[in-house]
Amino acid sequence: MNHKCVSDPAPALSSRQALRKYFGYDTFRTHQSDIIDRVMDGKDAFVLMPTGSGKSICYQIPSILRPGVGVIVSPLIALMQDQVDALQENGVRAAYLNSSLSAEAASRVIRRVVEGCVDILYVAPERLLMPGFQQLLSRVAIALFAIDEAHCVSQWGHDFRPEYRRIAGVTNAFPGVPRLALTATADRLTRDDIVEKLELNRATAFVSSFDRPNITYRIQLKNSAKKQLLDFLRAEHPDDAGIVYVRTRKRADDIAAWLQEQGLKALPYHAGLARDLRIAHQQRFLREEGVVMVATIAFGMGIDKPDVRFVAHLDLPSSMEAYYQETGRAGRDGQPADAWMVYALADVVAMRKLQETSDGNDAFKQIQRRKLESLLGFCETAVCRRKALLNYFDESYPEVCGNCDNCNESVETWDATIPAQKALSCVYRTGQRFGAAHLTDVLLGNETERIRHLGHHRLKTFGVGQELSARQWRSVYRQLIAAGRLAVTTAAIPGFCLCPESWPVLKGESRLMLRRDPEPVQAKKRSRASVQPAVDFESQADLGLWERLRRLRLEIAQANDIPPFVVFHDKTLREMVLEKPTNRSEFLALNGVGEHKTDQYSERFLDAIRDHEHEKGS
Ligand code: ADP
Ligand code: ZN
């Protein structure tokens with residue numbers, strides 16, 4: 001880094017050639033080349049594409065090819081080091097400026113920028129707003145401004161950053177410089193806000209589908225959360241990295257400790273941990289293989305690990321937006337990944353109560369209520385999860401996906417109108433304050449101590465529900481709550497009470513179809529054949545080679561203090577195993593291998609492959 005660079009203007013490459021040379025890919029994905037062309041022409045663009053779709057290349061390639069430095073504004077300081085490492089690994093002249101750098105390190109970066117030796121410069125918004133930095137910009141040529149995580153400009157989004165409101169003030173001072181705003185946050189309000197607040201009215205918008213086809217969505221009933229999680233991890237993700245989301249700090253600690261006892265490499269992450277420990281855990285997640293992070297929502301923003309193979313929710317997320325964001329951290333590399341969740345009646349009740357007793361005016365509560373209803377409806381839906389999820393974001397998905405539980409396992413629905421009437425009537429007659437356990441006892445006609453004491457054995461609804469089991473009654477109550485047909489009281493121990501939407505059902509004006517819950521005993525092991533795991537080699541020998549190359553990758557990563565995926569992605573490694581390149585040019589032809597990485601690593605990997613083939617042959 002400290003050598004003086006001869007200011008070498010990038011050779012006149014086409015964007016396709018740059019894609020091959022620096023990133024090792026042969027074809028652009030949807031929108032990428034249109035966006036790049038536009039920016040190369042000096043025009044603005046607004047890019048709304050889901051996580052993992054390849055937004056970064058849209059500003060990285062024009063930054064490399066256009067004269068001057070590309071200035072990338074990002075709030076994710078923790079990420080900059082890795083982003084820059086990854087670019088440098090690809091032979092791109094990249095650097096960053098943020099508060100984590102010492103004064104000397106920062107002035108070294110600034111010197112290199114002035115000398116024209118930096119093509120891509122990541123900065124935090126605070127830095128962009130500093131007068132000193134703006135002076136620097138006025139002294140150098142600027143290739144473009146890219147505003148990453150552009151939703152931070154909007155109060156409607158979940159990560160509002162006031163500094164983002166002042167970005168346009170800076171970029172407007174450089175009228176000839178193209179601007180790109182990028183985000184993966186979809187909703188309409190936020191979208192309009194971005195265009196307005198970043199003053200991008202002349203920008204062409206590029207919007208892609210929010211579908212994440214490689215993610216398999218599954219939502220199951222919780223009966224024993226820990227055991228279900230462990231079964232899931234052991235059966236489907238034995239050595240994989242992933243995130244387990246829970247609602248509270250204590251649960252994060254407990255579950256992580258328990259998974260450790262079971263022999264898994266699990267670590268907790270939440271805002272209650274000391275900063276150093278948090279950072280250490282995050283580093284291990286990035287740099288080691290197969291770490292399971294058990295976390296609250298404090299973890300995730302700015303985690304750019306491409307090979308997260310699963311995101312598991314042991315508690316409900318707060319909304320559909322949150323669900324999409326959190327599950328979206330899985331499978332950024334495009335390889336198969338799982339979004340897996342378990343939930344139960346108790347979660348639904350807890351969420352309802354939380355939201356009823358929350359601060360905020362009625363309008364706010366109304367919005368929250370609707371958001372929760374959408375989420376619960378999503379959990380209970382019998383239609384394709386992907387279709388339901390995309391519809392929530394106003395995107396139509398005409399087919400069924402074949403890659404979610406509702407598509408893969410048939411879901412039965414049944415006409416529950418009469419049982420629902422009985423269930424609601426039982427709530428009414430017992431005084432609208434009891435929970436599912438007691439109500440179920442009444443419906444089943446269980447003469448418990450408590451029931452006799454309360455005189456509930458004399459009610460008309462006592463014993464009228466013997467056609468269903470206790471478990472089925474809990475299912476009816478859960479789905480009534482989820483559908484907004486029954487409300488939760490705000491008492492310390494919450495019970496159920498009727499709401500306006502209960503009456504049409506009670507009066508027989510609305511029919512009610514419910515989902516039939518699967519029997520818990522059939523905790524079915526999915527056949528691995530249907531999963532298409534990230535690694536499934538035909539021969540034992542290939543598996544051996546895979547392990548060997550993985551070890552080599554880890555060695556190199558540790559020696560250079562970078563995450564293994566910065567050396568090569570799983571996908572590239574996998575291709576290496578299948579193709580078994582024997583020389584430099586075959587190596588260079590692999591997906592995700594550019595010229596710089598070939599120079600750096602081809603020898604060691606080619607040797608390993610040759611040795612392996614040799615040992616196999618002998
Ligand atoms: P986003 O910023 O949209 O979340 P990234 O820019 O991090 O996504 O890209 C996600 C992954 O896709 C990265 O591993 C990247 O190398 C890869 N990628 C991007 N463009 C291409 C392409 N044209 N061909 C193959 N892989 C690509
Ligand atoms: Zn589906």
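Modeller: Buried means under 20% relative accessible area, exposed over 50%, and partly exposed in between (1.4 Å probe, protein chains only). This is a predicted model: local features need pLDDT of at least 70, side-chain atom pairs count only at pLDDT 80 or more, and totals for chains, interfaces and linings use all residues. Residues are numbered from 1 along each chain as its sequence is written, chains are lettered from A and ligands numbered from 1 in the order in which they are written, and side-chain values use heavy atoms, with hydrogens and water left out.

Colleague: Which residues coordinate the zinc ion (ligand 2)?
Modeller: Donors are N, O and S atoms within 2.8 Å of the metal (3.2 Å for Na, K and Ca). In this site the donor atoms are SG atoms at 2.3 to 2.4 Å. They belong to C384, C401, C404 and C407.

Colleague: What is the geometry of the site of the zinc ion (ligand 2)?
Modeller: Four donors count as tetrahedral if all angles lie between 85 and 135 degrees. The angles among the 4 donor atoms here are 101 to 119 degrees. The site is tetrahedral.

Colleague: What spacing do the donors of the zinc ion (ligand 2) follow along the chain?
Modeller: The pattern is C-x16-C-x2-C-x2-C. C384 sits in the loop between α15 (362-380) and α16 (385-392), while C407 is in helix α17 (residues 405-408). Helices (H or I, at least four residues) and strands (E, at least two) are DSSP runs, numbered from the N terminus. The C384 and C407 pair links distant parts of the chain, but the spacing itself reads C-x16-C-x2-C-x2-C.

Colleague: Is C384 buried or exposed?
Modeller: C407 is partly exposed, at 27% relative accessible area. C384 has a value of 4%, so C384 is buried.

Colleague: How much of the accessible area of ligand 1 does the protein cover?
Modeller: An oxygen atom of ligand 1 lies 2.5 Å from a side-chain N or O atom of S56, and an oxygen atom of ligand 1 lies 2.5 Å from one of R332. On its own, ligand 1 has 560 Å² of accessible area (Shrake-Rupley, 1.4 Å probe). The protein covers 84%.

Colleague: What distance separates the side chains of S154 and D193?
Modeller: S154 lies in the loop between β5 (142-147) and α8 (167-171). S154 counts as buried because its relative accessibility is 0%. A polar contact is a pair of N or O atoms within 3.5 Å; within protein, one must be able to donate a hydrogen and the other to accept it, and residues adjacent in sequence count only if both atoms are side-chain atoms. The polar contact joining S154 and D193 is 2.9 Å.

Colleague: What is the phi of D561?
Modeller: D561 lies in the loop between α23 (540-560) and α24 (564-567). D561 is exposed because its relative accessible area is 53%. D561 is not a glycine, yet its phi is positive, at about 55 degrees.

Colleague: What is the phi of E149?
Modeller: E149 is placed in the loop between β5 and α8. E149 is not a glycine either, and its phi is positive, at about 50 degrees.

Note on methods: Four donors count as tetrahedral if all angles lie between 85 and 135 degrees; four count as square planar and six as octahedral if opposite donors are over 155 degrees apart and all others between 65 and 115; anything else is irregular.
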